[in-house]
Amino acid sequence: MADTLIQLEDITKVYQMGKVEVPALRGITLSIKEGEMVAIVGASGSGKSTLMNILGFLDKPTSGRYLLEGVDVSRFNDNKLAELRNKKIGFVFQTFNLLPRATALANVELPLIYSGDSQKRKRSLEALARVGLAERANHKPTELSGGEQQRVAIARALVNNPSLILADEPTGNLDSAATEDIVSIFCQLNREGITVILVTHEMDIAAQAQRIIRLLDGRVISDEKPTSNAKTISKSKKSE
């Protein structure tokens, strides 16, 4: 049986807006095992992005415990969290977050520059090859389609060999063909043993995961496997 990668225990997050406290998460308790692919769904304001930010050490909980590989990281300082984030977690965002004047290769190299890796070019080319973009390494984002830009972003997330990939609405800016390609890449990475957590509002995409966790008003209201007849992407989106 796979070991538990993530354990959240009664996680809350409260934002202070002047004199008003705004609760974003209200006691989230859940666990995710190594090698799982999990979708987090919910309406706007349900707490999806707040939960993702806490999972990725981009924000800290107000209370509760977050254990990663059995280690309580809830009270780590910012430097320790940044170090852990660079080693363990790859991020993929809806807006790609690529440097527009840098090549695909240079964008993928960025996490390795911060870690001082002497093999950054070799490893970055390997990461681009994993997402089918080896031949586009010297192209800039403006020379790539939206789907190709997102594949560059996935390669950048992979380059440090993370144990966990967090993807926040990764297909939100893509047409249906590119969406299918991107979801297929996540499924393949998961088959290779990487834990994948993705936030999405599209249920046909969530259905590709092994579990669907639904949030409402900062609480988990369901945690279940997708139905077998929902395992096909059939979204209809305009081409962009």
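1. Strand E7 (164–168) is covered on both faces: Leu 164, Leu 166 and Asp 168 are buried on one side, Ile 165 and Ala 167 on the other. Buried here means under 20% relative accessible area, exposed means over 50%, and partly exposed is in between (1.4 Å probe, protein chains only). Five of the five residues of E7 are buried, so the strand is largely enclosed by the rest of the structure. In a regular strand, side chains alternate between the two faces of the sheet.

2. A word on the source: this is a predicted model, where local features need pLDDT of at least 70, side-chain atom pairs count only at pLDDT 80 or more, and totals for chains, interfaces and linings use all residues. Residues are numbered from 1 along each chain as its sequence is written, and side-chain values use heavy atoms, with hydrogens and water left out.

3. Now the sheet around E7. The order is E6-E7-E8-E3-E9-E10, an open sheet of six strands with mixed pairing. Strands (E, at least two residues) and helices (H or I, at least four) are DSSP runs, numbered from the N terminus, and two strands pair if DSSP finds at least two bridges between them. E6 (89–93) and E10 (219–224) stand at the edges with a single partner strand each, so one side of each has no neighbour in the sheet. From one strand to the next, the twist averages 15°.

4. Leu 215 stands opposite Val 220 in E10.

5. Helix H2 (residues 78–88) lies across E6 and E7, running at about 80° to E6. Axes are lines fitted to C-alpha atoms, for helices over the stretch in contact, and angles run from 0 to 180 degrees between N-to-C directions. Contact means heavy atoms within 4.5 Å.

6. Helices H5 (residues 146–158) and H6 (residues 176–191) pack at about 20° with their axes 9 Å apart. They are therefore roughly parallel to each other (angles under 35 degrees count as roughly parallel, over 145 as roughly antiparallel, 65 to 115 as roughly perpendicular and the rest as oblique). H5 makes the contact through Gly 147, Gln 150, Arg 151, Ile 154 and Leu 158, and H6 through Ala 178, Ile 182, Ile 185, Phe 186 and Leu 189.

7. In helix H3 (residues 104–115), the buried residues include Asn 107 and Glu 109, along with Leu 105, Val 108 and Leu 110. Their cover includes H2, H4 (120–130) and H5. Gly 116 follows H3, with a positive phi near 70°.

8. Finally, the two aromatic pairs. Rings of Phe, Tyr and Trp (its six-membered ring) pair if their centres lie within 6.5 Å; planes under 30 degrees apart count as stacked, over 60 as edge-to-face and the rest as tilted. Phe 57 and Tyr 66 are tilted, at 5.6 Å centre to centre and 35° between the planes. Phe 57 is buried at 6% relative accessibility, and Tyr 66 is buried at 2%. Phe 91 and Phe 93 have ring centres 5.8 Å apart and planes at 0°, so that pair is stacked. Phe 91 is buried at 16%, whereas Phe 93 is partly exposed at 26%.
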